[in-house]
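Dear colleague,

Please find below the structure that I am handing over to you, together with its sequence. My findings come after it.

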Amino acid sequence: MSGVGGELGTLVASLLEDEPWVGSLAGIDADPPRRRLQRTSFHRISPDDHDRIVETITQFNPHVLVHVGVWEPDARAAPRVAATLTDQAAVSIIGAAAECRALDSIIVRSGIEIYGRGPGSLTRPDEDAPLRPTSEWGRTVAEIERTAGHVAERVGVTVGAVRLASVLGPHVPSPLGRLLRQPVVPFNATSDPPFAVIERRDAARAIVAAARNQLSSPVNVVAPGAITCLHAIRRGRRIPLPLLGPQWWIARQVSHLTGAPIPDHIGEALTRGRLADNGRMRALLGMTPDISTTDVIDHLYRWPSVIRKQARVPAAEQVEPDQVSA
Amino acid sequence: MPSTSRTSPLARVVDFPARRANAAASDTASAFRRLTDEPAGHVDDWGRDAGMFRTVTTLSEIRWSVSTGGDQHLPARKGALIVVNARRFALAAVYSAFAISRAVNRPVRFVGRPDNGPLGALAQRLGGLLDHPDEVGGALRAGELVVCAAAATSRPREVGTIDHAIIGAAIHANVDVFPAATTSSPFGRRARIEIGRATRQRQRRRGPLAEVELADHIADDLTLLLSEMGDINTGTPLDWLPLSGLGGN
């Protein structure tokens, strides 16, 4: 499994560890996992270190490859760096897996940004809708799917793409979540279109279900319902800032300075909307999301900004400096 | 003898202002209840805002007073396509969707919202779908009721061309298609919608001929429904004019 160091990747790995069909599990990422994993052997490898990735994966010889190692623009890295890292990881990890004789199935993390929101695009595209990405992130996930498809065709394995809506959750680095939690949130004054999201645990369950069922087609993973930016702002009791056309450029610059950059796919969701048909989830994955879009947004505003933890040893029981010297 | 006096014609005339006041109060209360019984800030999977829909339908009652018949033919839960005839500038698909939604108490979408600008966004909040077979097919597969209009004409008894691609979406989604005749007046509030029984394919076809033939059958059924309904009358000499869009047939 790639991308095991991210919040979503760590969650997927911990759920995979509980699966009875998983014999052994190996994880690769540039960052260590966010929590303790019991059965996963972790390999800390940079995405550009092709030789080590190939060596590690061919030695492990996996049956199923779960590729979660993707960088959403402005989530953990700037858009250009994110695109480079994602491309390097996709090429080296999927390419290395193609060399493994035991490989049966490839599962890749993708996004509903792949459908694009150009003029005339469907309001709620299903998996058969044409792929016309109109954002950098959309083009990146389209390229991942294309790479995985080519490899799968060449070596004769199945490939499944889990097309996720924007993933939100505590500690999940998300530009949308960061923007909505700002004290003042911009929204499109003339349209304020609806968008959908997915909670991180539902997203992780979907990826695990895809691996379990050896998914061989794309599937949209979107929480039921939708919400508009203004509705979200009201629910979070933030200050709404209505914007028109060119004012968005200024808002992007100001928001970038205040620590919540608005990448083009998020700007597109706020001005053109972003929905997808999740009707095939039950048939293909055998599960549906537990949390609706509205509830995910409500949870987003309930997550504390700072988590204060009590000291493990009460202050009164700590050893005094004079006792140490004695 | 209060009961006898209450039912006598004279008593009914005397009670008339009170009954009108009660009816008006009841209408106002029900309108207010419709506006407030669902909290604001909810849009569904297709972007329809239930709160805004209620507000706009309540306002639309200023323009249209629609009576709906035949809604018992529609499925309670499954998706269905409803094809209505349209008079030019009458917004037949929009007021039909509003009226049928209130009659069957479930969301009803209409086909033909613009893709851009504030008008497109408003139409989406009210349940509008793009005029695209894939969009309509997706909604029908998701179990939605969808209203689409035939091409608008200037004569009320005429049924314009029905887009067979939209009918094809219904065939692929395996849902029933219902004809619904609409009459309205550009000068009056009264409008009527009569939903007929589902139009079936008379011959099994495996190719695209199925949707073309079904579109023709729906047009025939709509014409029949319209002739059964009769013309709408304004009670003015306008009804005599052949090109007024009101009568002259």
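This is a predicted model: local features need pLDDT of at least 70, side-chain atom pairs count only at pLDDT 80 or more; totals for chains, interfaces and linings use all residues.

Overall form of chain A

Chain A contains twelve helices and twelve strands. Its radius of gyration is 21 Å, close to the 20 Å that the globule rule gives for 326 residues, so chain A is as compact as a globular protein of that length. Along the principal axes, its C-alpha atoms fill a box of roughly 75 × 55 × 35 Å. Of the 326 residues in chain A, 51% are buried. Among the contacts in chain A with a separation of 6 or more, 78% are between residues 24 or more positions apart.

A four-stranded sheet in chain A

Chain A has an open sheet of four strands in the order E3-E4-E5-E10, with parallel pairing. Strand E3 (64-67) and strand E10 (218-221) of chain A stand at the edges; each has a single partner strand, so one side of each is left without a neighbour in the sheet. On average, and ignoring direction, neighbouring strands of this sheet are turned by 20° against each other.

The pairing of E3(A) with strand E4 (residues 105-111) of chain A is parallel and consists of four bridges. Within this pairing, His67(A) has Val108(A) in E4(A) as its bridge partner. Helix H4 (residues 136-155) of chain A lies across E4 and strand E5 (158-164) of chain A, and runs at about 170° to E4(A).

Pro33 of chain A

Pro33(A) is found in the loop between strand E1 (25-29) and strand E2 (40-44) of chain A. Leaving aside neighbours within four places in sequence, the contacts of Pro33(A) are Val4(A), Gly5(A), Thr10(A), Ala13(A), Gly27(A) and Phe42(A). Pro33(A) and Gly6(A) are 27 residues apart in sequence, while their C-alpha atoms are 6.6 Å apart in space.

A helix pair in chain B

In chain B, helix H6 (residues 133-141) and H7(B) pack at an angle of about 30°, and their axes are 8 Å apart. The crossing of H6(B) and H7(B) is right-handed. H6(B) contributes Pro133(B), Val136(B), Gly137(B) and Leu140(B) to this contact, and the residues from H7(B) include Ala165(B), Ile166(B) and Ala169(B). By class, the residues of the contact of H6(B) with H7(B) are seven nonpolar, three polar and no charged.

Ala169(B) lies in helix H7 (residues 164-172) of chain B and, with 26 C-beta neighbours inside 10 Å, counts as buried. Apart from neighbours within four places in sequence, Ala169(B) is in contact with Pro133(B), Val136(B), Gly137(B) and Leu140(B). The C-alpha atoms of Ala169(B) and Pro133(B) are separated by 5.5 Å, although these residues are 36 apart along the chain.

The contact between the chains

Chain A gives 25 residues to the contact and chain B gives 20 residues. On the side of chain A that touches chain B, the elements giving two or more residues are strand E11 (227-228) and helix H7 (229-235) of chain A. H7(A) gives the most to this side, with three residues. This side of chain A has nine nonpolar, ten polar and six charged residues.

With kind regards

Methods:
Residues are numbered from 1 along each chain as its sequence is written. Chains are lettered from A and ligands numbered from 1 in the order in which they are written. Two residues are in contact if their C-beta atoms, placed from the backbone, lie within 7 Å. Ala, Val, Leu, Ile, Met, Phe, Trp, Tyr, Cys and Pro count as nonpolar, Asp, Glu, Lys and Arg as charged, and the others, Gly among them, as polar. A residue is buried if 20 or more other C-beta atoms lie within 10 Å of its own, exposed if 12 or fewer, and partly exposed in between; C-beta atoms are placed from the backbone. Two strands pair if DSSP finds at least two bridges between them. Axes are lines fitted to C-alpha atoms, for helices over the stretch in contact, and angles run from 0 to 180 degrees between N-to-C directions. A crossing is left-handed if the near helix is turned anticlockwise from the far one by less than a right angle, and right-handed if clockwise. The radius of gyration is taken over C-alpha atoms; the globule rule is 2.2 Å times the number of residues to the power 0.38.
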